[in-house]
Structures are given as structure tokens and as C-alpha cells.
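Me: I want to learn how to read a fold from its strands and helices. Can you take me through one, feature by feature?

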Amino acid sequence: MASSLSSNPFLGASRMEGFSALGSLSSDLRSLSLSPSLQFPTASSTSKKLQVKAAGNSFGTHFRVTTYGESHGGGVGCVVDGVPPRRPLSEADLQGDLDRRRPGQSRITTPRKETDTCKILSGVYEGKTTGTPIHIFVPNTDQRGHDYTEMSIAYRPSHADATYDMKYGIRAVQGGGRSSARETIGRVAAGAIAKKILKEFSGTEVFAYVSQVHNVELPLGLVDHEALTLDQIESNIVRCPNPEYAEKMIAAIDTIRVRGDSIGGVVTCVVKNCPRGLGSPVFDKLEAEFAKALMSLPATKGFEIGSGFAGTLLTGSEHNDEFYLDEENRIRTRTNRSGGIQGGLSNGEIIQMRIAFKPTATIGKKQHTVTRDKIETDLITRGRHDPCVVPRAVPMVEAMVALVLVDQLMAQHAQCNLFPLNEELQEPLKLPNLVESDEAALSM
């Protein structure tokens with residue numbers, strides 16, 4: 001979101017205001033009958049303020065991602081900066097997650113047909129990263145601009161159509177432009193790189209799955225997060241690892257889909273083998289970084305970590321996670337109501353989050369709205385849209401969580417691992433077995 005920063009007046013003054021002494025000097029020089037071609041402008045009497053504007057299309061500090069493109073433009077993609085050099089990377093490493101995100105993959109998603117085939121245009125040489133920005137491009141191939149004729153005039157209720165006009169005074173009508181979930185292709189591609197780095201460096205894995213569709217909610221405890229695998233998540237089209245509840249969720253989406261309506265749901269995300277100490281204690285708490293990242297996704301309306309809002313119903317003695325020493329003499333917690341984060345820092349337990357997604361705003365039922373000319377009217381939208389966004393939101397959630405983690409991992413390595421660790425209290429970020437495997441690979 002664009003923002004502005006007003007500074008002290010002298011910072012935004014005209015170029016010559018900072019040199020007021022030159023103004024008086026110019027008067028003295030003019031009195032000496034210097035050539036008229038030599039002039040010193042005097043200071044302006046009006047003060048100006050410096051404005052710094054941020055466009056909001058980039059995310060991250062050390063591992064930085066900028067996405068670009070629109071739903072019905074020539075294509076979408078991203079530029080990823082800060083990727084460590086000499087790491088193996090190919091389009092195939094990204095395509096798996098892009099396929100999980102792409103439209104037209106099942107009857108409960110939008111019927112728009114896109115292969116979402118990615119192309120790496122820079123930053124990789126002979127199969128390895130070079131340390132320079134990586135440019136990833138995905139072409140749009142199945143646009144139908146005529147579906148948006150009515151929407152060029154009338155605003156879709158609860159969609160970004162009206163607010164984009166309010167902010168910019170202009171918008172890309174076809175496909176919703178940047179407000180389309182098609183923008184998330186760049187996030188998912190960048191997130192695939194981040195997940196690969198996390199897995200290779202520290203054995204960290206990020207898994208998300210659908211835990212609720214409308215009023216069909218997966219009960220707590222039915223999914224073993226310690227044993228959760230990608231195959232379990234991908235075993236059905238709704239991406240719920242419990243087969244019984246997956247069928248109920250699919251039936252709920254099918255019912256609403258044939259009515260031309262939509263429903264929302266919840267995606268649960270877990271992080272396994274997260275290094276300890278990621279995050280910062282005050283403004284950049286790890287859960288705050290997750291919340292910002294995940295709430296930036298289209299259609300998100302809520303975020304919980306650990307016990308979340310349910311934790312407000314417990315007493316302190318009921319909610320606290322008691323510590324113990326495991327068989328390797330590592331400090332652990334017997335419960336995990338904190339969700340793997342305490343004091344804004346990861347504690348090494350499984351990180352657990354829940355993200356709420358609203359029903360898709362674009363539906364096939366008649367709705368009352370207004371036009372850009374401020375005339376009240378009724379609107380029946382055309383086009384191809386998801387009856388429920390959560391099945392395709394799963395890889396988007398994983399991507400944003402991975403982007404936060406790899407950025408925080410780099411920050412932790414730079415600040416706290418620059419000098420030898422306090423081995424009594426700190427652990428290395430990289431797992432010992434991964435260090436050994438890396439050394440073996442380098443010696444080959």
C-alpha cells in the first residue's frame with residue numbers, strides 16, 4: 001500500500017534553500033558589477049515537504065521479491081533478489097508449486113485454462129544460481145476480455161474494483177488487473193526457491209492444507225503434523241489430508257458451485273524443523289511478519305497462530321507450554337499452544353498457523369451495485385472464477401511463509417552467527433547431518 005513520509009521542512013526545500021548563504025553572496029557579487037550571465041538564484045520563501053512513496057509490489061529485505069503483471073496482460077512473474085549463489089535451480093524446481101496453484105486443475109476451481117509454464121530469464125547459469133536477480137516469467141494464454149464488459153461500468157460488490165478507482169482514478173478492468181489472484185504466480189515461484197533453500201540449509205519444511213470449507217471443519221487432532229507429508233495433502237482435489245472430511249468439503253463446494261455462488265474457508269499451515277531464534281523481539285516479531293505476509297494474499301480476512309483466539313478462553317496455567325529436556329538434552333515444550341513462537345522468536349517447535357479466506361467476491365448471482373458514473377444498478381457477472389479459493393490458496397500460503405522464513409534466516413545468520421555461538425544456549429542454524437552432506441558434495 002502506498003504511504004508517504006513527511007520530513008522536517010528543510011529536507012524538502014528547493015535545491016538552493018540549503019545554501020542561503022549563497023543568496024546573500026550573490027547580492028554582494030552583483031554589486032561588484034559581475035557579468036550578467038553569472039547569476040545565483042536566491043532562496044525560495046515557500047517551504048516544500050519531502051514525500052517518499054512506496055508502491056507495495058516488493059516483499060522482503062535480504063531475500064527480496066518483486067511481482068509484476070496483470071490477469072489479462074501479456075504475462076505475470078517476479079524478480080527475486082538475494083538468492084545465494086552456486087545453488088542448483090531449474091524451471092522444474094518451480095513448476096511443481098505453480099501447477100498446484102494454476103487454474104483449471106479440477107471441477108472445484110476456476111475453469112480458466114492456463115498451463116502456467118514458467119521461464120527463468122536471468123540469474124541462473126548452467127543450472128546454478130549466480131547470486132544476481134532471478135527473473136521468472138509466466139505468459140497469459142487464455143484471456144477473455146469480453147467477459148468483463150459489464151464490470152468496466154459497474155463495480156463488483158466486495159471486490160477491489162471500486163477501491164482501485166478511489167485510489168488511482170484508473171484501473172485495469174479485464175480480469176481485475178493486479179487485484180486478481182493471478183498476481184500470486186510470482187509469489188509462488190519465488191516461494192518455491194525459498195522452500196528449496198530452507199530444505200537444503202536447515203531441513204525446514206512448510207506444509208499447508210485446507211482445514212475448513214464453509215461449515216465443514218476438520219476437527220483438531222485428526223492430522224498428525226509431525227508426520228504430515230505433501231502426498232497426503234495432494235491426495236485429493238480440495239487438499240485436505242483427511243479423506244473423510246475431504247469428501248465433505250468437495251460436496252460443499254460442488255453444491256454452491258452449481259448455484260453460481262461461492263464460499264470461503266480456512267488454510268492451516270505448519271513449519272517443521274524451523275531453526276530456533278528466527279524473528280526479532282519488538283516490531284519484527286516472527287508472527288507479525290507471518291501475519292503481514294499472509295494477510296497480503298487475496299481474499300484473506302483472518303490470521304491465527306498457536307491457540308489463536310481460542311487461547312483467550314484459557315487461564316495462564318492452562319495455556320502455558322511447560323519446558324522439559326528431551327533425550328538429546330535439548331529444551332522442548334510438552335504442549336505447543338504458543339504455535340512454535342514465543343516472544344516473537346521461533347523456539348524450534350512446529351509453527352502452526354490458520355488463515356481465513358472469504359468467499360470469492362465475483363459470483364454469478366444478481367447483486368445490487370453502482371456504476372462508475374454513480375448510478376445504482378444490478379449486476380450479474382460473467383467470467384471464470386473459483387467457487388472457493390482455499391484449494392488453490394494452499395501453495396500461496398506455503399510460499400508466503402517460506403519467503404518470511406528465508407528472509408529471517410538470512411537476517412539471523414548475518415547478526416547472530418557472524419561470530420562463534422554461545423554453545424551453552426545457541427544451536428547452529430544448519431542441521432549437523434546437512435553440514436556433513438554438503439561437505440561430502442563439495443569434495444566430489
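Me: Which residue in β10 is the bridge partner of valine 206?

Reply: It is valine 271. Keep in mind that this is a predicted model. Strands of a sheet pair through backbone hydrogen bonds, in a parallel or an antiparallel sense. Here strand β8 (residues 205-213) and strand β10 (residues 265-272) pair in the antiparallel sense, over eight bridges.

Me: What pairs with β8 besides that, and over how many bridges?

Reply: Strand β9 (residues 216-217) runs antiparallel to β8, and two bridges join them. Glutamine 212 stands opposite glutamate 217 of β9. Look also at the turn of this hairpin. Two residues lie between the strands, and histidine 214 takes a positive phi near 55 degrees.

Me: Is β8 largely enclosed or left open?

Reply: Count its buried residues, meaning those under 20% relative accessible area. Eight of the nine residues of β8 are buried, so the rest of the structure largely encloses this strand. For the chain as a whole, buried residues make up 43% of the 444 residues.

Me: What is the strand order in the sheet that holds β8?

Reply: The order is β9-β8-β10-β16-β11, an open sheet of five strands with antiparallel pairing. The edges are β9 and β11 (300-305). Each has a single partner strand, so one side of each has no neighbour in the sheet.

Me: How many bridges join β16 to β10, and how many join β16 to β11?

Reply: β10 and β16 pair in the antiparallel sense over seven bridges. Valine 270 has glutamine 352 of β16 as its bridge partner. On the β11 side, strand β16 (residues 351-357) forms five bridges, again in the antiparallel sense.

Me: Which helix lies across β11 and β16?

Reply: That is α7, which runs at about 160 degrees to β11. Helix α9 also packs on the sheet, where it touches β8, β10 and β16. The direction of α9 makes about 145 degrees with that of β8.

Me: What are the angle and the axis distance where α7 packs with α9?

Reply: Two packed helices are described by the angle between their axes and the distance between those axes. Helix α7 (residues 286-295) and helix α9 (residues 390-416) pack at about 140 degrees, with their axes 9 Å apart. The two are therefore oblique to each other. The crossing of α7 past α9 is right-handed. From α7, the contact uses Leu286, Glu289, Phe290, Ala293 and Leu294. From α9, it uses Val397, Met400, Val401, Val404, Leu405 and Gln408.

Me: And the whole chain: how many helices and strands are there?

Reply: The chain has 10 helices and 18 strands. Now check sequence separation. Of the contacts with a separation of 6 or more, 72% are between residues 24 or more positions apart. Finish with the surface. The accessible surface of the chain comes to about 23400 Å², and 55% of that belongs to carbon and sulfur atoms.

How values were computed
Residues are numbered from 1 along each chain as its sequence is written. This is a predicted model: local features need pLDDT of at least 70, side-chain atom pairs count only at pLDDT 80 or more; totals for chains, interfaces and linings use all residues. Side-chain values use heavy atoms; hydrogens and water are left out. Buried means under 20% relative accessible area, exposed over 50%, partly exposed in between (1.4 Å probe, protein chains only). Helices (H or I, at least four residues) and strands (E, at least two) are DSSP runs, numbered from the N terminus. Two strands pair if DSSP finds at least two bridges between them. Contact means heavy atoms within 4.5 Å. Accessible areas come from the Shrake-Rupley method with a 1.4 Å probe; for residues, only the protein chains shown count as cover. Axes are lines fitted to C-alpha atoms, for helices over the stretch in contact, and angles run from 0 to 180 degrees between N-to-C directions. Angles under 35 degrees count as roughly parallel, over 145 as roughly antiparallel, 65 to 115 as roughly perpendicular and the rest as oblique. A crossing is left-handed if the near helix is turned anticlockwise from the far one by less than a right angle, and right-handed if clockwise.
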